[in-house]
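Q: Could we go through this model together? I would like to begin with the overall picture and then turn to particular elements.

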Amino acid sequence: MAEAPGVLIVEDDRIIVDVLRSNLTARGYRVVVSIDGSDVLRLLDEAAPDVVLLDLMLPGRDGFDLCWAVRDRSDVGIIVLSARRGETDKVRALNLGADDYLTKPFGIEELLARVNAMLRRARPAEPRLVAPQVRVGDVRIDFDAQLVTKGGKRVHLTRTEYALLRELAMHPGRLLSHAELLRRVWGPGYETQTEYTRVYVGRLRAKLEGPDGTELIVTEPRAGYRFTTDG
Amino acid sequence: MARAAVVGEDGGMTDGDGRRGSAAPILELRGVTKRYGRLRALDGVSLSVRGGEIVAVVGENGAGKSTLVRCIAGDTDADEGQVEVLASAGRPPVSVVWQDLGLCDDLDVVANIFLGREHSRGLLAEGRMASDARQALERFGSQLTDVRARVDTLSRGQRQEVALARALSTGADLLVLDEPTASLSVLRRAEIMRVLSDLRDAGRAIVLVSHDLDEVFALADRIVVLRHGRIVAGVSPAEVHSDDVAALMSGIETESAARRQLNRLKSLVEQLSAADPAASLPLVVSATAAALDQDMLCVHLLDHAPRGPLLRRTAAIGLPPALADDTALVPVGTAGGLVGTAAALGQLAVTDDLSDESAWTGYLEQASAAGVRSAWSAPIVGSAGVLGTITGFSASAGRLDADRRELVSLYAGHAASAIERERLIDEVSRRNEILESLRAMLETLAGPDRVDGGLSAALLALCRGLGARSAGMLLTGVTEITGGEPRWVHIDISESAESDLYELRGLAETAPAGIDRPRRLGDGLAIAGLPIPGGTGLLLARWDDPAEPGRDAVELLDDASRSLALALEREMLERARREAAAARRSQQLQREVLQHLSHELRTPLTAIHGYASTLQQPDLVWDPESIERFLAAITTESARMERLVGDLLDSSAIESGLLRLRPDWTDVHLVLEAARSCVPHPDRVKVGVAADLPPIWADHDRLEQVFVNLLENAVRHGGPDGGVRVTAAAVDGGASVEVLVSDDGPGIPPAVAEKIFEPRVRGEGSTGAGLGLAIVRGIAEAHGGRVELVAGPESSFRVILPVEPADGEENDG
C-alpha cells in the first residue's frame, strides 16, 4: 500500500472524536479531525482523505449543506453519522451525495466495516469477463479507463455511482435485485437499505439519461433494476 | 434652400440643461408647400412647435403627414416656404422615428441605435456602446436584451423599439415620431407615452404623427388636423371630442346640434357619476337648462306631508323672485297648476301660450308679472312612481317641438335617477354608519378585555341608530364569549325615563324559543333573535313613541342583529382557531423537544457504545493508559446520561403534575451551601443569608436541584472569572423567602429571556438537555413558589418560596 488510507472526522463531540480516532489510528488509518465543520473544505484539499465521517448535527452549521459542499468539491466517500433515524433524513443525505448513513449509537466494528466497504468500492475493479466497453445511445462506459461519457462529454460520477453503474452495465438485460446490488456495491449487511439503490439509481438517471427519454436503467417494481439491452 | 437649421445662436435663452425654455419655438414652418408632379402633398402649411410641447399631427392616409415629416427632418426640401429648426449648440437638431423605421437590417441593435453617430462615439469601447444601447432600450421597459442581434432577426415590435431607442437617445431638441407605437404592445405603448411626456416636461419639442386618437388625446397639447395637404384645424384636446377630430380629418360634417346634445348629455352622465349625490340634482337642472336653451327651470320633489302630498321646489335656475316664491310649495293636482298637473297625471304638461290657459289660473298673474309666456312641466318618474317634476318657463310663446319634448323626458329621467341615487345613498350611508359603528365596537370583543364593554358600546350605537331609548341583549350558551353563564347587557340612553332594564330583561327571559326576524311587541317594543350557532341571543329595543318601530327601524334591527350575530360568530371562531393554534404549537414544541432529547441521549450512548465495543475487539490489544481513558470516558458519559434521563423524568413529572415532594422543615442556608459545593467553581459563589431567615416547608433535595441548576447556569454565563452572588431574605412579612442568584455576565438577550423557561432553549456551551430552567420553575411551582428572570444588564433569577404551603395546597408527598 502506497499510503495509509485517510479518514476525515467531522464531529463536534470530543468524546466521540476520541473513540473514533483511537480506533482508526490503531487500525493504521491517517486521521484528521474537524470539530465545527468550518475547516472541512481546507482539510479535504490538504489531507486528501479517502473517507469523510460526517456528523449531521454540528453547532451553528447545517450538516446537509456541508455534505453537499463536500460532494460538490470531491468524490471522496462520505459516511454520515447521525442521531436522526428517519428515512427522510437518510434519503436527504444520500441525495446530497452521501454514500452511506450510519445511525448513532453504533458499534466500532460496524463503523470499521463500513469504512472498509467504502474503501473497497474505491479500489480498481477486479478482472471481469465482459467487453471492456458498453455503449447505449450516446452513453459510453469504458471499464478499463473507468470513464463514462455522454454525447462525447465526460460525465463525472462519484465512486459509489460508478460502482453501481458498473454492476448494472456488466449484466445488461439481467434483473438485479435491490439486495444483490446493495451487497455488491455497498457490501454485506446493506441488503435491506433499498433507499440507497433508489437514490443512487435516481442520481445515475439524472446524469446519464437524456431528456429525449433514452432509458438506461429499467425499474422492475418491487424487484430491482435491469440495465437496458438497447444500443 | 428652404430649410435652415439655426444652431444655438443665443446662449442666453438656454437653461442649465442647455434646453430652451418652453416659450422658445424649436420648430417653425412657414407656408411650406411640396408638390409631387401635379399633386400638392403639402399646401401652405405653417406650424410652430415650442419646447415642452407635444403637437399631434393627424389626418387620413394621403393627407400629407409623411411628407410633412420628411420636410421637417430635412429628408426632402420644400418647394416653397421655410422649415426652421432652432436647436441648441452641440446637439443634433432633429431626431426622427420613421414610419418605415429606417433601420439597417444587416447591422446589429447597437449599431442601429448609434447609426450616424459613430464619429462621436469612435473612441467608445464596444462594451460601453452595448451598455448604452441597453440602457436606451430599458428606458421604456423594452425586454430586448440581446443587443448584438441583427435587427432583421427581430420582430416588428422589437424593431420599432430599436428605432425609438435610437431617436430618444440622440438628445435632439426636436423629436419627430411617425406612428411610433403602431407595432407595440399596449404595455410598451403606455411606457412610450410615459417617456414622451417626460421628455416634453424636460423641454423637448415633440411632433407626434399618429392614427391612434386615444394616444393623441392622452399626450398632445395641441392637435393639428391635416387634410389634402392643408391644416384644416388646430384644436386643444381638452376642448374637443375625438369624434370631432375624426370628423375634421374626414371632412364629413356631422350634424352638430345633435352632436352637441349628445356630448352635453355624455358629460352630464360623467359628472353625475362622479358628483356628490347632493350636487347631482342642481347639475341635472343646469344641464337641462343648457340643453333646452331655457333660462328658467326648476325641479319640484314630492313631499308626503301629513295633510296630503305637496311638491316642494328643491332646485331652480333663473327664476325671478316673484315666481320663485310662488312655486316654492305647490299642491298636487290641477290646483298646483302646470306643476301639480304634471305630477298628478304623470305626463308632460305644456302650455304654449300662458294667456289662454285656464289651468294656470292661480299663478297667472305672478307668471305674467315675471314675464312668462309659455311653460312646460315634466314628471320625474322613479321606480316607485312620480318623484317630482321638472318645469321650464319661457318669456316667449311657442310650441315645445317633438325633439325638445324628447329631450325634456330624457333629462327628467336623469333627474329621477339622480334623486333615487341620492336617496339610496342617504339610506345606505345611514345604515352603514350604524353598522360601521357596530362593527367597530364589536372589534373590541376580539381584544383581551371582557366583552361587556364592547357589547355595551355596540348596543349604544344600535340604540342611537334606531332612535330607541333603551336596548338590551341576552346571550346564552355562547361559552366562548361569555364564559358559560348567560349574559345580559343593557343600555339606557334616555335620561328622564326610568330604566327599562327589568322590563326588557323579563321579556328576554320569558321569550319563546326560535325568535329570528325582528317582531313588534307593540307599545314601542321590539325583539329580534341573534342567529348564533350553538347558542341563543336576543336583542330588545324600547322606544318612547308607541308607534315605533316603523318599517325602517325593523329593517335596521334586522341588519343589526345579523351583523351582531356574525361578529359574535366570527369572534367564537377566532377564539377556537387561536386555541387550536396554541395546541398545535405545544405539540410542535413537544416534538422538537423529543427530537432534541433523542439527539442528546444518543451522543453519550454513542460514546459508551463506541468505547465498550472498542475494548471488546478481539484482535486488538490496547495499552493500559488507553484502557484507563476509555473506562473513564464511559463513566463520565454514563453520568451525563443519567443526568439527562433524570431531567427528562423530572420534566415529564412536572408536565403531568406528578412531581412528588418529600417536604420537611428545611434550612435554606444549608440548601444553598450544598448547591454551591456541587458547581464547578464553588469559590466563585458568594452566599449571603439574612440572619432571621426562617426555615421553610420544602423538599431539601429538590431545592438543592433548583439551586445547583441556577448556580451552574450563573457560573457558566458569568464570564471566565465571574463571580456569582446568592442572597436570601424573608419577604412578604416573613411569609415567604426570596433567593436572588446574580452573575456579572452580559445578561440575557430579551428575545431569549421570553422563552428561557421553555424546554430546550439553552445557551452556548450548555451540556444539559435544555430542560434545566423548566425543571427549576416546575419544582418552585410545586412548592407553591415561583421563579422569575429579573430584568437588567446582569442576569439574575429570583426564587420565591412560601414558608408554609397555602391552605388547600398540601402536597401529597
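This is a predicted model: local features need pLDDT of at least 70, side-chain atom pairs count only at pLDDT 80 or more; totals for chains, interfaces and linings use all residues.

Q: What share of the contacts in chain A with a separation of 6 or more comes from residues 24 or more positions apart?
A: Such pairs account for 59% of those contacts in chain A.

Q: In what order do the four strands of the open sheet in chain A come?
A: The order is 8-9-10-11, and the pairing is antiparallel.

Q: Which strands stand at the edges there?
A: Strand 8 (133–136) and strand 11 (153–154) of chain A do. Each has a single partner strand, so one side of each has no neighbour in the sheet.

Q: How many bridges join strand 8 to strand 9 of chain A?
A: Four bridges join strand 8 to strand 9 (residues 139–142) in chain A, and the two run antiparallel. In one of these pairings, A:Val134 has A:Ile141 of strand 9 as its bridge partner.

Q: Changing topic: how many residues does each chain bring to the contact?
A: Chain B contributes 17 residues and chain A contributes 16 residues.

Q: Which helices of chain B supply at least two residues each to the side that touches chain A?
A: Helix 18 (551–616) and helix 19 (624–655) of chain B do. The largest share, twelve residues, comes from helix 18 of chain B.

Q: What is the make-up of that side by class?
A: The side of chain B that touches chain A has ten polar, five nonpolar and two charged residues.

Q: Which residues are buried in helix 20 of chain B?
A: In helix 20 (residues 668–678) of chain B, the buried residues are B:Val668, B:Val671, B:Leu672, B:Ala675 and B:Arg676. They lie on the same side of helix 20 of chain B, because they cover an arc of only 135 degrees around the axis.

Q: What covers them?
A: The cover includes helix 21 (700–717) of chain B, together with strand 22 (664–666), strand 23 (685–689), strand 24 (696–698), strand 25 (724–731) and strand 26 (736–743) of chain B.

Key:
Residues are numbered from 1 along each chain as its sequence is written. Chains are lettered from A and ligands numbered from 1 in the order in which they are written. Two residues are in contact if their C-beta atoms, placed from the backbone, lie within 7 Å. Ala, Val, Leu, Ile, Met, Phe, Trp, Tyr, Cys and Pro count as nonpolar, Asp, Glu, Lys and Arg as charged, and the others, Gly among them, as polar. A residue is buried if 20 or more other C-beta atoms lie within 10 Å of its own, exposed if 12 or fewer, and partly exposed in between; C-beta atoms are placed from the backbone. The arc is that of the directions from the helix axis to the C-beta atoms. Two strands pair if DSSP finds at least two bridges between them.
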